[in-house]
There are 2 protein chains.
Amino acid sequence: MGAVTIKHVAKEAGVSLQTVSRVVNNGPNVTDAMRERVRAAIDKLGYVPNMAARRMGGSKSYLLVAFNDRKPTLEKWRAGRGSDWVAQMLLGAIPRCERDGYHLLLELLDGHSAKLHQKIDAIISSLRPDGVILTPPHSQDRSIIDQLEHRKVPYARLSPGEDDERGFRVRMDERQAAVMATRHLLDLGHRRIGFLTGSAEYAVSTERLEGFRAAMADAGAAIAPEWVRQGEFSFESGIASADALFALRGPPTAIIASSDEQALAVLHRAKDMGLDVPADLSLISFDDTPPIAFSLPPLTAIRHPTAAMAERAAALLIEGHGLDMPPSPPCTLPFELVVRGSTVPPRR
Amino acid sequence: MGAVTIKHVAKEAGVSLQTVSRVVNNGPNVTDAMRERVRAAIDKLGYVPNMAARRMGGSKSYLLVAFNDRKPTLEKWRAGRGSDWVAQMLLGAIPRCERDGYHLLLELLDGHSAKLHQKIDAIISSLRPDGVILTPPHSQDRSIIDQLEHRKVPYARLSPGEDDERGFRVRMDERQAAVMATRHLLDLGHRRIGFLTGSAEYAVSTERLEGFRAAMADAGAAIAPEWVRQGEFSFESGIASADALFALRGPPTAIIASSDEQALAVLHRAKDMGLDVPADLSLISFDDTPPIAFSLPPLTAIRHPTAAMAERAAALLIEGHGLDMPPSPPCTLPFELVVRGSTVPPRR
DNA sequence: CTGAAAGCGCTTACAG
DNA sequence: CTGAAAGCGCTTACAG
């Protein structure tokens with residue numbers, strides 16, 4: 001049994017518990033000699049502080065909780081469609097947490113449950129995390145933010161909406177990304193461009209659509225109303241939108257999808273219709289999850305800096321002074337337009 | 001501040017702390033009336049026990065730790081190749097943990113680090129998890145098992161090796177899967193079948209190769225030594241093996257890859273060489289991660305029951321009596337041969 | 001069936 | 001710069 005406690009170390013080093021605690025926590029007012037002596041005892045005994053006891057004593061919990069939307073997360077994992085949003089989040093956050101002895105706990109939140117707030121309260125009460133990472137769409141949910149503020153739990157919001165400035169905010173410029181994607185197509189000579197929106201409850205959906213509209217307006221290119229398909233991020237939604245667009249009398253020569261799944265769906269339907277991508281139809285997708293690079297053709301896509309955003313969120317929570325900080329400006333991370341084989345000039 | 005403690009509940013209900021604790025933990029010897037009274041107080045106050053305090057008091061930690069190999073995990077996430085092993089593990093384990101109020105902590109272990117055991121000790125000492133889920137290759141590491149036994153931490157091993165019977169073991173029949181894959185090709189008429197092995201430190205690599213050899217022997221089909229390529233699970237290894245096989249005077253008409261990445265690599269090289277899959281070359285892959293189903297052609301593959309295995313591991317740890325149990329027989333979960341478009345009869 | 005006491009392993013004020 | 005005391009919020013024996 002690894003029952004090495006602070007007492008054992010104190011005895012070994014011939015000092016008080018208090019001094020050991022100071023050394024462990026890099027406290028001030030310790031002689032170098034004393035510090036060395038205690039360190040030696042710690043190493044000899046292989047002492048590691050018990051988190052639960054630490055927490056009980058009144059220190060941090062060294063726990064960060066990441067809330068993810070339950071249904072889409074489980075569905076994506078189950079469908080095996082390769083969306084690796086959560087993996088990218090872990091990739092960014094876990095190593096950052098490790099650096100400072102923190103642990104990351106992934107919790108699934110059911111946004112449509114009446115018990116949502118109850119569940120959040122339970123997690124806060126039982127785990128007492130030092131911070132919470134909020135992902136979309138929860139990162140835009142005022143009532144959750146209210147709750148976190150009330151409970152005085154520091155939080156960082158990934159892809160926050162535009163209309164609430166509270167908390168740490170980490171984002172990418174979705175609007176600008178859509179502008180860049182649209183310009184890329186305009187530069188290639190496209191004028192008839194279709195746009196598939198993401199789920200309405202995600203703020204990014206609106207931002208992307210705005211960017212598209214702005215870029216088209218800038219170029220003096222008109223947008224026929226039927227070119228914009230309201231939809232969701234899902235494959236199924238992509239299928240429906242693709243069918244609608246392909247059925248038009250003058251169908252678009254290019255399509256911007258708001259998610260990789262949508263784009264993959266368009267690719268599938270295009271093939272079914274005998275349309276060649278990119279010869280007959282150019283296609284750009286948002287997010288750049290794995291299947292996109294492996295598809296045939298590989299798709300041009302906006303790469304979402306999910307890992308970098310999660311890392312930043314963890315860093316802000318670990319380093320930050322939490323709720324004492326005034327609302328700071330959002331931290332905007334760079335995205336990238338990855339040009340692959342799915343975008344070429346239109347046929348005529 | 002959600003400072004609702006057991007004391008508040010006790011006062012509200014007019015009983016002792018002890019009684020509240022009994023109700024919370026479904027202890028025996030409580031009147032129904034008393035139970036109701038306490039429950040009402042708990043609901044009214046929104047009381048949720050503090051985990052750290054619970055743990056300190058001597059109860060379970062309600063924490064399960066899953067150890068994953070650091071380097072391949074991070075590399076895969078970084079490369080964005082869509083291997084979703086970890087996601088599948090989370091998909092299986094997290095909901096199972098939630099059911100009983102447990103939390104799953106994902107920890108990355110550096111197998112090649114001199115401090116491996118130190119790190120494990122630190123995690124056990126600081127977190128005091130109620131159980132550990134071991135994934136390959138750690139699930140076959142005797143020294144880790146020794147350490148866990150010594151520390152008396154219950155553990156479940158995913159894809160354990162054959163030569164160590166300790167702990168809970170959850171596996172799929174890798175050998176049989178290879179047999180089935182091989183038979184599928186034999187049934188189609190293939191006799192010249194290439195086999196790409198996985199990384200040597202993974203027990204499954206050996207098991208799969210054995211299955212292949214056994215099935216071939218059963219069918220009276222000889223295996224030329226050069227058809228078996230020792231390699232790793234990586235894309236790069238797949239490229240090298242593919243090149244070696246394609247360079248043979250009488251190249252195989254079919255290839256079994258030990259991982260999806262290898263298979264994808266073979267597919268890429270085949271295209272480069274002007275070989276058509278499946279017309280010129282049939283291809284089967286192991287694991288069935290997302291890009292495999294989206295590739296062109298979609299690949300026939302052995303689907304690995306990762307999520308089911310993780311769920312079972314969590315269940316065994318949560319329900320199990322841990323180390324008091326005698327070594328039980330391994331729990332073998334069913335796999336599946338998913339036949340897609342990459343396997344057809346050989347040309348001649 | 002219910003309650004008062006001790007203790008888990010730390011940290012935070014408070015002395016010296 | 002170092003130490004003795006109190007307390008965090010629970011649970012586990014132990015009484016009654």
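First, some ground rules. This is a predicted model, in which local features need pLDDT of at least 70 and side-chain atom pairs count only at pLDDT 80 or more, while totals for chains, interfaces and linings use all residues. Residues are numbered from 1 along each chain as its sequence is written, chains are lettered from A and ligands numbered from 1 in the order in which they are written, and side-chain values use heavy atoms, with hydrogens and water left out.

**The sheet in chain B**

Chain B has an open sheet of six strands, ordered E7-E6-E8-E9-E10-E12, with mixed pairing. Here helices (H or I, at least four residues) and strands (E, at least two) are DSSP runs, numbered from the N terminus, and two strands pair if DSSP finds at least two bridges between them. At the edges are strand E7 (228–229) and strand E12 (336–338) of chain B, each pairing on one side only. Further in, strand E8 (residues 254–257) and strand E9 (residues 282–287) of chain B run parallel, joined over three bridges. Ile255(B) is opposite Leu283(B) in E9(B).

Two helices lie across these strands. Helix H9 (residues 174–188) of chain B covers E6, E8, E9, E10 and E12 of chain B, at about 165 degrees to E9(B). Helix H10 (residues 203–218) of chain B lies across E6, E7, E8 and E9 of chain B, at about 165 degrees to E6(B). Axes are lines fitted to C-alpha atoms, for helices over the stretch in contact, and angles run from 0 to 180 degrees between N-to-C directions; contact means heavy atoms within 4.5 Å.

**Nonpolar cores**

A nonpolar core is a set of buried Ala, Val, Leu, Ile, Met, Phe, Trp, Tyr and Cys residues joined through side-chain atoms within 4.5 Å. Buried means under 20% relative accessible area, exposed over 50%, and partly exposed in between (1.4 Å probe, protein chains only). The largest core has 138 residues, and Leu90(A) and Leu90(B) touch the most other members. Apart from that one lies another core, of 23 residues, including Leu267(A) and Phe294(B).

**Around DNA strand D**

24 residues surround DNA strand D, and Thr19(A), Met56(A) and Gln18(B) are among the closest. Being near the strand takes a heavy atom within 4 Å of it.

| Residue and atom | Part of DNA strand D | Distance |
|---|---|---|
| Gln18(A), polar side-chain atom | base oxygen | 3.0 Å |
| Tyr47(B), side-chain N or O | phosphate oxygen | 3.0 Å |
| Gly57(B), polar backbone atom | sugar or linking oxygen | 3.3 Å |

Asp287(A) counts as partly exposed because its relative accessibility is 21%. Asn26(A) also has a positive phi, near 55 degrees, and counts as exposed at 57% relative accessibility.

There are cis peptide bonds too. One links Pro136(A) to Pro137(A), with omega near 0 degrees; another runs from Val277(A) to Pro278(A), with omega near 15 degrees.

Conventions. Polar contact = N/O pair within 3.5 Å; in protein donor to acceptor, adjacent residues only side chain to side chain.
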